Amino acid sequence: MKVPVRRFDAIIVGAGGAGLRAAIQLSEAGLKTAVLSKVFPTRSHTVAAQGGVAASLGNSEEDHWHWHMYDTVKGSDWLGDQDAIEFMCRKANEVVIELEHYGMPFDRLDSGRIYQRPFGGHMSNFGEKPVRRSCAAADRTGHAMLHAMYQRNVKANTQFFIEWMALDLMRDEEGQVLGVTAMEMETGEVTVFQAKATLFATGGSGRIFYSSTNAFINTGDGLGMAARAGIPLEDMEFWQFHPTGVAGAGVLITEGVRGEGGILRNSDGERFMERYAPNAKDLASRDVVSRAMVTEINEGRGCGPARDYVLLDITHLDPKIIMSRLPGIREISIQFAGTDPIKDPIPVVPTCHYQMGGIPTNYSGQVVVPRGSTMNMPVHGFYAAGECACASVHGANRLGTNSLLDLLVFGKSAGESAVEDMKKFPKAHKDIPPDAIDRSLERLVRLDAQRDGADVHETRLAMQRTMQNHCGVFRFADKLREGVARIHEVAQQVGQAGIRDKSRVFNTARLEALELDNLIEVAVATMVSAEARRESRGAHVRDDAPDTPERPNGRDDKNWLKHTLWFKEGNRLDYKSVKLTPLSVPTIELKKRAY
């Protein structure tokens with residue numbers, strides 16, 4: 001089968017915040033840049049980011065990037081690489097001001113400076129008290145960000161391929177990445193997109209769980225493609241469950257609600273976070289708040305007929321504050337919870353929200369993998385940024401508003417690296433190996449041929465329920481062991497799945513089957529990595545690793561202060577050291593994590 005080839009200097013897969021920021025860097029450098037996206041760029045999942053982007057501007061009170069760095073290292077439960085964290089926090093002010101110059105409509109203080117609100121885990125003076133660090137555009141920050149950067153890309157002549165799905169990464173015998181194969185969703189036509197630089201910005205994979213704040217497009221496409229191409233996935237056991245998803249719906253209620261003064265209450269009306277985090281209270285780190293909520297529910301203090309949620313109360317706030325700072329949240333609450341938060345509290349429950357792990361990169365956005373005795377060798381021509389990447393700045397738990405900062409800093413950094421790397425290597429495109437596209441074509445043939453195979457929808461549900469039941473907010477040794485066996489069974493079913501409804505070959509049935517191929521790679525990596533990590537750290541909390549004086553917060557720093565690497569080939573795990581040495585400041589030393 002002859003497949004058409006399109007050639008570019010750079011190919012970016014994903015048109016969310018990281019992809020758009022990287023594209024600006026590449027296109028404005030004069031490079032011929034293409035961006036592939038399953039949806040129109042301003043519909044990417046970054047649009048759902050509500051609360052803000054972190055930067056120590058100090059517009060409302062004193063702040064410092066070193067305090068931000070400390071909070072991020074502490075929030076990561078010391079699993080974050082301190083060189084990458086310093087790089088991100090020092091770059092924060094720069095990328096936010098750049099975004100402002102792109103036309104981002106931030107809320108303003110009376111002075112005209114960017115409005116900032118408090119967010120969980122962000123503190124002043126090395127953990128002393130909450131600080132206003134989140135730069136916000138009401139509760140629609142991600143929406144405003146996408147529009148500002150998309151318009152900048154239009155000005156820079158970035159070429160967009162909208163409603164295209166990338167299928168597989170192409171590599172040559174030397175391991176160099178040559179581009180991707182992709183399918184136009186409307187026609188089903190497969191095309192080779194060849195490039196000197198390939199950058200993944202495909203977002204998260206939250207749809208491996210049954211209850212998730214993630215959009216239906218968040219199917220781990222970049223991670224699936226990377227895993228099939230021999231790239232390991234890093235720290236996949238660490239998933240953030242956002243404390244406040246609408247009970248029964250999973251729709252996100254931003255942490256900015258608590259930043260504006262919202263209070264979590266149990267069935268007794270008690271502000272229970274005072275017992276779990278006496279200093280930060282409702283603005284403790286997300287994993288701490290989520291576990292506190294689940295504990296309240298498990299101990300019988302949940303609300304509602306089934307006592308299976310708690311309440312987020314902002315009825316004490318001035319309605320003008322709610323209408324100006326949280327208009328979208330009021331709308332979400334009315335539509336999905338049937339509650340007007342001006343009058344009644346919002347029913348909320350922890351919901352899968354964000355993957356801390358992903359494709360391993362350095363802080364320059366270059367994908368780095370083990371090679372021989374060296375742990376961090378760049379894969380020539382391959383870059384990643386945003387939620388699909390693992391720099392690692394979030395470690396075992398991400399602080400709120402650091403995700404939008406991550407995609408700005410590392411989207412720009414990955415773009416800069418690609419520009420510089422292309423100056424060092426030959427300008428001509430390399431020849432594509434004859435078998436480079438065979439894998440993609442074989443997958444499509446398999447899906448068409450296996451019409452009597454496992455049902456895609458039912459298999460996906462089995463995967464999601466397995467992940468939800470065996471790998472949730474609290475994790476149990478026996479459930480994790482069972483989960484590993486069960487997820488491997490589901491993976492076998494995925495391999496046998498096909499398009500059973502002939503009338504739906506295009507579009508949705510085939511796309512859902514291809515997305516499931518990616519989701520299952522992420523699910524297996526998550527379950528296997530979680531079962532293997534025999535400690536509690538950040539969002540990964542096991543019943544057999546409790547908090548003790550010898551193991552603060554359940555951490556085992558002697559044996560487990562290391563990153564997990566999962567390889568698809570052989571379903572094997574490897575590990576690499578956490579970088580505890582920052583770029584220019586003293587190491588932030590290990591200690592018990594408390595708020």
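Accessible areas here come from the Shrake-Rupley method with a 1.4 Å probe. The model is predicted.

Q: What share of the accessible surface of the protein chain belongs to carbon and sulfur atoms?
A: The accessible surface of the protein chain comes to about 21,700 Å². The part that belongs to carbon and sulfur atoms is 48%.

Q: Which radius of gyration does the protein chain have, and why does it agree with a compact globule?
A: The protein chain has 595 residues, and a compact globule with that number would have a radius of gyration near 25 Å. The C-alpha atoms fill a box of roughly 65 × 50 × 50 Å along the principal axes. The radius of the protein chain agrees with the globule value, because it is 23 Å.

Q: What percentage of the residues count as buried?
A: A residue counts as buried when its relative accessible area is under 20%. Of the 595 residues in the protein chain, the buried share is 63%.

Q: Which strands stand at the edges of the open sheet of 3 strands?
A: The order in this sheet is S10-S21-S22, with antiparallel pairing. An edge strand has a single partner strand, so one side of it is left without a neighbour in the sheet. The strands in that position are S10 (233-234) and S22 (572-577).

Q: Which residue in S21 is the bridge partner of leucine 233?
A: Strands of a sheet pair through backbone hydrogen bonds. S10 pairs with S21 (residues 562-567) in the antiparallel sense over 2 bridges. In S21, the partner of leucine 233 is tryptophan 566.

Terms used:
Residues numbered from 1 in each chain as written. Predicted model: local features only at pLDDT ≥ 70, side-chain atom pairs only at ≥ 80, totals over all residues. Heavy atoms only, no water. Rg over C-alpha atoms; globule rule 2.2 N^0.38 Å. Buried < 20%, exposed > 50% of the residue type's maximum accessible area, 1.4 Å probe, protein only. Pairing = 2+ DSSP bridges. Helix = DSSP H or I, 4+ residues; strand = E, 2+ residues; numbered from the N terminus.
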